[in-house]
Amino acid sequence: MADIRIVGTAHVSQKSVEEVRAAIEEFRPDVVAIELDPARFSALKKQARDPTVDDVLEVKNFNSLLVQWLLSYLQRKIGVDVGVEPGAEMKAAIAEAESRGIAIALVDRDLRLTLLRFWKSMGIIEKIKMVFALIYSIAEIDKGEEIDIESLKEQDVIDAVMEEFRRFSPNGARALIDERDAFIAHQLVLLKVQRPEGRILAVVGAGHRQGIMNYVEHPQTLPPFDTLAREPKSFPWAKIFGFAVTGLFAFLLAAIAFSGIGWMVLLYALLFWVIIHGVLAAVFTLIAGGHPYSALTCFGVAWMTSLNPLLHAGWFAAYVEAKVRKPPVSDFRKIYETESIREMTRIPLFKVVLVAALANLGSLIGTILYFIFVFPLLHIDPGVVISTGVHNMWTWATGWI
């Protein structure tokens with residue numbers, strides 16, 4: 001059978017660049033398998049078409065895109081600090097293989113699918129922890145916190161980091177690490193079957209090396225390939241929450257209406273819903289650096305979108321922001337080249353995505369605050385109003401039977 005050698009690298013390490021070149025020289029493989037998907041391969045070789053703002057608006061996956069940009073920024077900052085471009089070892093592997101006429105195999109899963117599975121696999125608490133951890137890590141790097149890159153390739157350090165990540169975000173670790181280990185191993189096993197007498201050199205991140213090796217040595221333990229290559233079908237908690245909010249709001253209005261405390265209270269209950277959602281969505285839009293037109297749009301639609309699980313205020317804000325800012329296609333590449341978060345927030349495309357994410361967050365907070373404070377604002381006793389309203393509704397309904 002084919003001989004497979006796996007080289008574990010740090011993506012921002014000059015030593016890893018040298019190790020990759022040395023491995024190709026010494027091993028003389030027939031195939032160099034690289035931890036890249038076709039899209040990232042094209043991007044690395046400057047052959048990819050940058051997405052337009054319309055592409056971003058159509059996908060609507062704003063939160064996941066923000067996490068991707070922040071992760072990329074963190075990796076790039078580490079690379080700049082140690083004088084190595086992120087992905088340099090992959091570029092070295094590609095250049096060496098091409099110069100020697102060696103076949104190149106792209107063995108990683110599509111990044112968009114990985115991020116989609118990563119984001120959807122996590123619960124709300126994991127997502128919040130992940131965002132705060134990213135922000136904290138970026139703050140540490142921006143203020144000059146030093147990192148020993150080469151130590152990250154040592155197996156005991158890798159094991160400690162992986163274990164910490166699994167405790168921190170078990171579902172995220174499964175999508176980012178375990179599933180990709182299995183996906184890459186599937187590709188290597190396939191190459192092994194296709195080239196039974198060949199030599200395959202796999203260049204992967206150090207954190208994936210052991211997991212991939214275990215699967216390659218014991219292919220019977222691999223999960224079915226189709227379970228790794230399809231979009232996740234997670235339980236629709238967000239839609240259930242949205243429908244629950246709609247039902248609770250309708251029930252609350254009905255209880256007030258049937259309680260006999262007056263139509264003015266019902267009117268104020270509706271008015272507070274509009275104002276609380278509108279103000280918070282608009283304020284968060286402005287916090288994101290959104291245009292006043294975007295904030296005004298949020299104020300106008302937040303009350304309605306918060307009652308429709310299929311719509312989000314941030315979508316409307318992002319559309320208006322894109323029309324006002326008119327982000328050029330070059331913005332997508334600029335986001336991956338910025339040297340500071342402040343510089344990133346000045347890029348129109350980043351602002352569009354940030355506005356969408358924060359506008360949605362403002363509207364969500366508005367929903368929570370409304371149900372907490374609506375009764376104190378109306379100066380009524382919720383127990384009395386709801387019990388009286390339900391009793392009167394029951395009497396009214398049974399009177400028709």
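This is a predicted model: local features need pLDDT of at least 70, side-chain atom pairs count only at pLDDT 80 or more; totals for chains, interfaces and linings use all residues.
1. Four strands make it up, it is open, and the order to look for is β1-β4-β2-β3. The pairing is parallel. In case that is new to you: strands in a sheet pair through backbone hydrogen bonds, and they can do so parallel or antiparallel.

2. Which strands sit at the edges? They are β1 (3–9) and β3 (103–106), and each of these pairs on one side only. Neighbouring strands in the sheet are also turned against each other, by 20° on average if you ignore direction.

3. Now zoom in on one pair. Strand β1 runs parallel to β4 (residues 199–205), and seven bridges join the two.

4. Helix α5 (residues 88–100) lies across β1, β2 (31–34), β3 and β4, and runs at about 160° to β2. Helix α9 (residues 170–194) lies across β1, β2, β3 and β4 too, running at about 170° to β4.

5. Next, have a look at helix α13, residues 292–305. Its 14 residues reach 19 Å from the first C-alpha to the last, close to the 20 Å expected at 1.5 Å a residue. Where is the kink in α13 centred? On F299, with a bend of about 35°.

6. Staying with α13, several of its residues are buried: S294, A295, C298, V301, A302 and T305. What covers them? Among the elements doing so are α12 (263–287), α14 (313–325) and α17 (348–378).

7. Most residues other than glycine have a negative phi. K326 is not a glycine, yet its phi is positive, about 50°. You will find K326 in the loop between α14 and α15 (330–335). Is K326 buried or exposed? Exposed counts as over 50% relative accessible area, and K326 has 60%, so it is exposed.

8. H379 is another case to check. This residue is not a glycine either, but has a positive phi of about 60°. H379 belongs to the loop between α17 and α18 (382–398). Its relative accessibility is 71%, so H379 counts as exposed.

Definitions and conventions:
Residues are numbered from 1 along each chain as its sequence is written. Side-chain values use heavy atoms; hydrogens and water are left out. The expected span of a helix is 1.5 Å times one less than its number of residues. The bend at a residue is the angle between axes fitted to the seven residues ending there and the seven starting there. Buried means under 20% relative accessible area, exposed over 50%, partly exposed in between (1.4 Å probe, protein chains only). Contact means heavy atoms within 4.5 Å. Two strands pair if DSSP finds at least two bridges between them. Axes are lines fitted to C-alpha atoms, for helices over the stretch in contact, and angles run from 0 to 180 degrees between N-to-C directions.
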